[in-house]
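The following report describes a single protein chain residue by residue and element by element. Please consult the sequence and the structure shown here while reading.

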Amino acid sequence: MPKEGITPRATDYSQWYLDIVRNADLADYAEVVRGCIVFKPTGYALWEAIQRGLDDRIKATGHVNAYFPLLIPKSLLMKEADHVEGFAPEVAEVTRAGGEDLAEPYVIRPTSETIIGYFYAKWVRSWRDLPLLINQWANVMRWELRTRPFLRTTEFLWQEGHTVHADEEDAERETLMILNEVYADFAEKEMAIPVIKGLKTEKEKFAGALRTYALEAMMQDGRALQSGTSHNMGENFARAFNITYTDQNNTVRYACTTSWGVSSRLIGALIMTHSDDEGLVVPPRIAPTQVVVVPIYKSDSEQSTVLEAIERMTGDWKGRLRFRIDDRDNVTPGFKFNEWELKGIPLRVEIGPRDVEKSSVAVARRDIPGKAGKHIVPQDGLTDYLVGLLETIQQGLFDRALRFREEHTRDVTTYAELSEAVEQGFARCYWDGTTEDEQRIQDEMKATIRVIPFDQPDRAGGVCSPVEKRPVRSSLPEPTNPNLYWSGWRPAGIRPKPVHARVRPGRPPSRGLRPPGWHPHRTPEAGQCQRRCECRSR
RNA sequence: CGGGGUGUGGCGCAGCCCGGUAGCGCACCUGCUUUGGGAGCAGGGGGUCGUGGGUUCAAAUCCCUCCGCCCCGACCA
């Protein structure tokens with residue numbers, strides 16, 4: 001039975017998500033700061049758990065943490081041309097401080113490649129300085145047109161790693177290692193979110209990167225959510241920021257850089273992967289609280305008897321279980337059952353006079369909502385039982401999410417099949433590798449290439465292009481990138497919309513609103529276009 | 001930006017057409033009875049009716065202005 005105040009997923013998935021966020025008390029809208037949210041204590045606790053899991057892995061793979069400034073001189077941001085083009089529309093500027101206009105405006109970081117690049121140029125001298133492996137935990141700001149709690153907000157929290165390597169091969173190794181051993185491992189083992197690892201297309205890659213790799217997860221509406229990215233910048237940023245080193249042969253060379261990040265969007269992924277119509281579901285390993293104990297009593301004497309029993313019962317829990325005892329006296333047990341279910345605590349232990357007498361407890365597991373997930377167990381050996389049950393739940397959640405994804409993924413060989421499949425979830429198909437086809441699919445069926453997966457199934461199924469119907473092309477090239485995943489093209493219900501020009505006077509127009517002839521390389525700050533690009537046609 | 005909707009205690013809404021100084025549910029506070037799946041009764045506190053202006057003896061209500069938010073269109077690093 002759905003909880004009060006929660007729209008069932010089948011009715012309106014988007015509203016369901018918002019209801020979960022609100023009812024589980026994860027976040028509040030920062031209504032006075034458009035597009036921002038307040039991470040409330042329960043929501044922030046999830047972020048802290050994510051931070052812990054990632055930070056451990058980042059450090060275990062040889063990185064150290066540091067912190068760079070929030071403000072970036074605008075000229076620095078402008079240095080890498082593709083990067084500028086990618087970010088210009090969503091950057092917020094500080095033009096006035098200390099009571100006067102600044103000689104040069106600052107931008108509030110949308111990401112830190114540029115300011116970190118500036119310092120790396122100073123710090124890197126010799127091949128002995130490499131690799132340089134630094135991570136920072138930070139907030140960033142991107143002026144998004146349409147926001148949703150955790151999934152896309154104007155300000156968000158993330159971790160951004162920035163590394164410098166002697167050559168592209170080493171940078172590539174780093175980029176892939178982070179994706180596999182840090183991000184995917186964390187997502188699957190701790191958050192129980194199955195992910196597809198792969199390469200982004202040219203069209204979808206990070207502005208200024210050579211290659212972008214990403215994790216894609218399937219939400220319960222069948223749509224993809226990008227849940228982590230890792231970029232190999234090659235020499236692009238090193239050239240823009242002059243990050244050079246002297247190699248063993250006394251030759252000065254450009255270094256290669258990488259950057260990689262995951263954000264508080266993961267909280268959104270967590271919600272949309274596991275939760276149900278009863279509320280939030282949090283996998284045990286990531287859960288700030290794993291077990292909640294609800295005492296049941298009528299009289300004062302029963303109350304003290306039960307609370308004493310709880311004291312004894314939880315004596316050896318510390319260090320093995322993260323738990324809390326809900327001894328509030330102003331709400332009924334039934335209310336507590338519903339509330340903790342809503343908040344996604346993996347296990348609930350109920351204990352009343354009858355249990356004290358029989359030395360038992362009632363254990364309810366959140367992954368099976370309602371009374372169906374409740375059973376009576378002896379207090380004897382309870383701690384081991386609970387620890388084991390948490391692991392069972394953890395694995396069960398992962399298996400359930402994986403099964404869901406597999407049930408909503410189809411291999412397709414024709415255009416019609418592709419068109420149908422992307423309505424339900426992911427489709428896997430061949431692609432001839434052209435942006436032209438990619439764009440056409442996007443235009444015609446609102447689907448995007450999420451990723452070219454590392455895991456390539458046997459190609460015995462045949463070679464087909466979903467756009468084989470294209471009339472002009474007589475023979476399709478042998479696909480170089482077979483088996484792509486497509487999905488409902490917009491990430492999990494996010495629909496950007498153009499913003500009124502008045503909102504940010506002087507701001508570069510967002511894509512789609514650019515007047516004819518507009519080009520980022522030709523903004524007043526950048527002067528004439530310095531690059532050999534399509535814009536010279538104008 | 002184009003089209004549509006909406007703004008009233010913390011939240012969700014009614015009242016507006018037909019002007020007379022604001023009401024309901026939830027939440028909150030107090031007390032008593034309750035407590036194994038969202039307790040009951042009684043009492044109580046809380047609102048510049050988005051903003052500015054106009055009409056009127058009198059405006060939540062009628063007229064104009066501006067602002068916010070939501071939905072659809074336009075499609076993302």
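Is D277 buried or exposed? D277 is buried, because its relative accessible area is 17%, where buried means under 20% relative accessible area, exposed over 50%, and partly exposed in between (1.4 Å probe, protein chains only). The residue is found in the loop between helix 8 (265-274) and strand 15 (291-295). Helices (H or I, at least four residues) and strands (E, at least two) are DSSP runs, numbered from the N terminus. The side chain of D277 is joined to that of R9 by a polar contact of 2.9 Å. A polar contact is a pair of N or O atoms within 3.5 Å; within protein, one must be able to donate a hydrogen and the other to accept it, and residues adjacent in sequence count only if both atoms are side-chain atoms.

The model is predicted: local features need pLDDT of at least 70, side-chain atom pairs count only at pLDDT 80 or more, and totals for chains, interfaces and linings use all residues. Residues are numbered from 1 along each chain as its sequence is written, chains are lettered from A and ligands numbered from 1 in the order in which they are written, and side-chain values use heavy atoms, with hydrogens and water left out.

**Overall architecture**

Chain A contains 14 helices and 23 strands. Of its 538 residues, 52% are buried. Among the contacts in chain A with a separation of 6 or more, 70% are between residues 24 or more positions apart; contact means heavy atoms within 4.5 Å. The accessible surface of chain A is about 25,000 Å², and carbon and sulfur atoms contribute 50% of that area. Accessible areas come from the Shrake-Rupley method with a 1.4 Å probe; for residues, only the protein chains shown count as cover.

**Helices**

Helix 2 (residues 41-60) packs against helix 6 (residues 168-189) at an angle of about 140 degrees, and their axes lie 10 Å apart. Axes are lines fitted to C-alpha atoms, for helices over the stretch in contact, and angles run from 0 to 180 degrees between N-to-C directions. The crossing of helix 2 with helix 6 is right-handed; a crossing is left-handed if the near helix is turned anticlockwise from the far one by less than a right angle, and right-handed if clockwise. Helix 2 contributes I50, G53, L54, R57 and I58 to the contact, while helix 6 contributes E181, V182, Y183, D185, F186 and K189. By class, six nonpolar, one polar and four charged residues form this contact. Here Ala, Val, Leu, Ile, Met, Phe, Trp, Tyr, Cys and Pro count as nonpolar, Asp, Glu, Lys and Arg as charged, and the others, Gly among them, as polar.

**Individual residues**

E80 is placed in the loop between helix 3 (74-77) and helix 4 (81-87). The side chain of E80 reaches the backbone nitrogen of H83 at 2.9 Å. Not counting residues up to four places away in sequence, E80 touches G208, N236, F237 and A240.

Q379 lies in the loop between strand 19 (374-378) and helix 12 (382-407). Leaving aside neighbours within four places in sequence, Q379 is in contact with I351, D355, S359, S360 and V361. The C-alpha atoms of Q379 and A362 are separated by 9.5 Å, and the two residues are 17 residues apart along the chain.

C429 is found in strand 21 (residues 426-429). C429 and L418, 11 residues apart in sequence, are 7.8 Å apart in space, C-alpha to C-alpha.

| Residue | Relative accessibility | Class |
|---|---|---|
| E80 | 8% | buried |
| Q379 | 21% | partly exposed |
| C429 | 2% | buried |
| D25 | 28% | partly exposed |
| F150 | 2% | buried |

**Backbone geometry**

Most residues other than glycine have a negative phi, and most peptide bonds are trans. D25, in the loop between helix 1 (13-23) and strand 1 (27-29), has a positive phi near 65 degrees. F150 also has a positive phi, near 70 degrees, and lies in the loop between strand 7 and strand 8 (155-165). L130 and P131 are joined by a cis peptide bond with omega about -5 degrees. P131 is placed in the loop between helix 5 (113-123) and strand 7 (132-141).
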